[in-house]
Amino acid sequence: MAYDYQAVHALDGMIGAIAERRANHLSVHRTMAIAMVLAGPGQTAEAAGILVSNGEFEARFSGPGEWLVLSQVHAPETLAAELSVRLGGFAFVVDQSHGRVVLTLSGPDAARILANGIAVDLHADAFPVGRAANVLCNHLSLNLVRTGDQSFDLVVMRSFAGALVDDLKVMARSHDLSVDFATR
Amino acid sequence: MSAFRLASGGLVDRSHTLRFTFDGASLTGHAGDTLASALLANDRLLLGRSFKYHRPRGIMTAGPSEPNGLVTVGSGARRDPNTKATVAELYDGLEARSQNRWPSLAYDIGAVNNLMSRFLSAGFYYKTFMWPAAFWEKVYEPLIRRAAGLGRTDLPRDPDAYEKSWAHCDLLVVGAGPAGLAAALVAARSGLRVILAEQDFVLGGALLSETAPVGGEPPYVFARRVVEELQNSPNVTLMPRTTVFGWYDDNVFGALERVQKDVAALDAAKPVERLWRIVAKHAILATGAEERPLVFGGNDRPGIMTASAVSTYANRFGVAAGKSVAIFTNGSSGYRTAQDLAARGVEIAVLIDSRAASGDVAPDGVRLVRGGSIVDTKGRQRVRAVVADRGGFEELIGCDAVAMSGGWSPVIHLACQRGGKPVWSEALQAFMAPEAGPALVTAGAAAGHYRLSECFDDGARKASAIVEAIGRQAVGIERPVIGEETDPSFTALWHVPGAKSKAFVDFQNDVHTGDLGLAVREGFGHVEHAKRYTTGGMATDQGKLGNINAIGILAGMRGVSPAEVGTTTFRPFYTPVSFGALAGTSVDGHAMPIRRSPLHGWAARNGAVFIDAGLWYRSSWFPKAGEKTWRESVDREVRTVRENAGLCDVSTLGKIEVFGPDAAEFLSRLYCNPVLKLPVGKARYGLMLREDGMVYDDGTVSRLGEDHFFVTTTTALAGGVLSHMEFAAQVLWPDLRVRFLSVSDQWAQMSIAGPKARAILQAVVEDDISNAAFPFLAARAVRLKGNLKARLFRISFSGELAYELAVPAGYGEAVADALMRAGAPHGICAYGVETLNVLRLEKGHVTHAELDGRVTPDDAGLGRMMGTSKPDFIGKRLSARFGLTAADRAQLVGLKVLEPEKDIRAGAHLLKDGAKPSTLNDQGWVSSACFSPTLGGHIALAFLKSGRERYGEKIVVWDQLRGVETFAEVCDPVFVDRENTKLMA
């Protein structure tokens, strides 16, 4: 018997192919290495120093002494181990590559669409590029980060990904939105 | 004919005609009309019947405080009752109907109530419908509901879409009149993020109906110029058609935007209404002032309006309220209306001033009566004449409209919604907004500055102060030169003595002066009591027009100042908000999010029937061809697991990783059983108590490393346990060095149970999982063939040899498929939560059906787990309290049904054999029940008084809901494999 496991994405079968991208677009990342880093007691500053975002990975605020680290360089299987080594005794690292789904919402109306479910002020002055927050989007919790003037990443628990995409479609009802899987 | 469209004037677009219907009659209006102005232009004065007496009523105002001009707009499921005609924007194809009349508006049978009014006084319901008590629900209430009330709602589903949005700003300006525009302009030029919200569909407020030139041009032109500048400012958001209805904590405002209430054909891409939550650093209420009606006999007849409304209809809409208008005023506003009408060539029948003297000058040729009043009006469905009184001399004066002005009240509703009480101003004879702190100020007429120039100055000044408070440089504006201004001074006149007929105070709820007198006489003179007793201020308009007069009248009757009477409590909403808007998009599938297991696709492919379990969709059972009932499927699944093996999705269990040097100590205090000495690589059942000693949740604790644990919770309390842990870590024991994190979504977890579980699993797992290498309660990382990392736990809920295998969620389906393939030769089946339930019930394992918050560990038969030697754990202290240790507490037992054809159900109660079926004889209850294919009969878990001493006793299971009594035998709750030989095999 051959054991070659194919990973299934939480949104497989829920997102159809699209002919073209619309003005606003929701891109679902198929694979992403994700880890949660919890600074050891009293070691937040040390862990933060090591977690400065670079080309390899990006550390996003997820709570006091907690970071959501994403990487497209490292594989889901190796990111957590890699971070553990680098952080040494300063933090605990937990793989969440399968526990979270990453969506990128971009377009001129991105902030306006999100304002239909998220209470945080998304004006560029108040929520600049790189700022991250754990927010409530209607009924769902997610980690939101501004990745550009007109683009945001939404990181949501896997089991809620379908519900979030359904919600985003309704939130974007008055705005031209397309949804598909990211090409890379 | 009386009301009519003037030949010229107004801001309506006369080149653009709109068709609409009222009670089926086809009428026309113009773009820029409200429904009210268009109805007036068509001389439709009678719009509805009043709430209680069914008196004919017409339009009274030109704005959102309208008490009478309520109509139903639209039809079918889109029917919108109680729409204020004075706010509704006219559109082509609008269908409006009158309300609270039968059989027709003109001939209404309910009007007999008016003749019976001496029997329908205030407090009438309380006094009359007290007895017999049983009559209230069946007879009185339905009758009253049919006779009283206004618009009716429909049951069909609302087909419209709604939306809820958040907005943020430095300054929210409520109201786009002169003060609001000036404030917004200063803030905009100073670079603040500004939101200007206005309930009207045109921005400008009083400037739209004002005639004095502003900056040398008509005021509406000036307003348009300012709006244009604001529109072009990127830092300004204009929100027309948006009513700010509530002021909440943290300076959050609720506002309702009517997105598509002005069109017949809806754009499906847009919501009909949008509910805004506006988070404002500062807010300026520039909500203007409301003109008071005068309380005189017959003051409710169609054709009687506030003077400012008469002016607005003439100036803004080019509509004359009548051909011959009588004006009754207690201040200068009546004179201004006289000027407005005279300027447009409308005849003024008489101008009656309640004051004996004033500096106000009536237009040339207008008959002025000083020190006079109106004591009655004549006419049936519209006013035909007024009975004027001066010094006891009565005179009938013909007219077809009456403009009344009782002075002005600042609109301060929002400023009082968070507990602040309005403050009486003797100088202004009005209630003013309380000091609400720097985050909310009133400006312009809302702050008692009534003159146009004062409004501009006040708005600009207050905005400048806010700009500076925010730390920016305020850019001032130059106030335009304003033409001749009116100073609307007045002498309060709460009610007009000598009324010859009912003088209404609250028009919408038909409360008149006599009702208030009765309230005072009967001891309900306190303003909050009088409100409830008379229902004054309790209608949909919430007394916007009438409350102030009611307070003045109560003050007069009690011989005190209005300051002493005070106001009733202000609460959101300022105007009614539809339920649709409040729900927003959270309807149907969006009312609660659906949560899908990583094995959902696998279960669906295997034919699962799903069931809602909280937010989760869980596989309930897996029917095979030929199985007609769920029981057939479940019985087969149970037998298969007991004889061969089964695979069940348990991914929905809460999963939490716990780290840190004090992780063991932390968990030891969290669970009631010992955890500290749990060896690495081992799992243990864990029981958590609440502080009160009752069981909170159960699950497993596995030690993956010296400082690393993995705990599971029940599906239902996954979130609750995490919060509980956060509380314990942050509040109870901040000194413990521990960190934890939910990994519920990272892992797909499946239970493989049955005597052949090991053989099947070994085909997939690389590591040795023989009984010696991986004994009962082993827990550690393993590698699957194909090089996939996984975690394996040898734990059992079914009582069989069983494992729980966890793999990264994305691989869940592939691994489940592999296990099903490997298990096929062994006869494996997929099983769902129904079978899971039967299996655990046969084994006597508890779930939240048993652990329902009233149960101690000892009640559930788990008393031996309590780590009584531990220094402390949550629930330890209160577990020892009297009552929790009593010998006659209900204890977990098993029940075997003694009558083969009968089943028992959870919720049934237990009685001694021979006892009368009554809760007085209650001995306990059934917590869960099922048919056991293994035992071939119905069994149950139950809680029975001193149950463990009563094994073998025959008792009665009393199901009062079904009216059934069934004999059962009390037994040990573990029905299968009491010696755990299967578990350990």
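Reader: How many salt bridges does the structure hold over all chains?
Author: The structure holds 61 salt bridges over all chains. A salt bridge here is a side-chain nitrogen of Lys or Arg within 4 Å of a carboxyl oxygen of Asp or Glu. This is a predicted model, where local features need pLDDT of at least 70 and side-chain atom pairs count only at pLDDT 80 or more, while totals for chains, interfaces and linings use all residues. Residues are numbered from 1 along each chain as its sequence is written, chains are lettered from A and ligands numbered from 1 in the order written, and side-chain values use heavy atoms, with hydrogens and water left out.

Reader: Which residue forms a salt bridge with R86(A)?
Author: The partner of R86(A) is E56(A), with the closest N and O atoms 2.4 Å apart. This pair links distant parts of the chain, 30 residues apart: R86(A) sits in helix α2 (residues 76-87) of chain A, and E56(A) in the loop between α1 (44-50) and β3 (58-63) of chain A. Helices (H or I, at least four residues) and strands (E, at least two) are DSSP runs, numbered from the N terminus.

Reader: Now the interface. What area is buried between chain A and chain B?
Author: Buried area is the accessible area (1.4 Å probe) that two parts lose on being put together, summed over both. For chain A and chain B it is about 4,200 Å², and carbon and sulfur atoms give 56% of it. In chain A, Y3(A), Y5(A) and R173(A) lose the most area to chain B, together 18% of what that side buries. Contact means heavy atoms within 4.5 Å, and it takes 48 residues from chain A and 54 residues from chain B.

Reader: How many salt bridges does the rule find across that interface?
Author: The rule finds three between chain A and chain B. R739(B) forms a salt bridge with E66(A), the closest N and O atoms being 3.3 Å apart. As for elements, α4(A) gives the most to the side of chain A that touches chain B, with five residues.

Reader: And sheets: in what order do the strands of the open sheet in chain B stand?
Author: Strands of a sheet pair through backbone hydrogen bonds, either parallel or antiparallel. Two strands pair if DSSP finds at least two bridges between them. In chain B, three strands form an open sheet in the order β31-β33-β32, with mixed pairing. β31 (595-596) and β32 (609-613) of chain B are at the edges with a single partner strand each, so one side of each has no neighbour in the sheet. Two bridges join β31(B) to β33 (residues 616-621) of chain B, and these strands run parallel.
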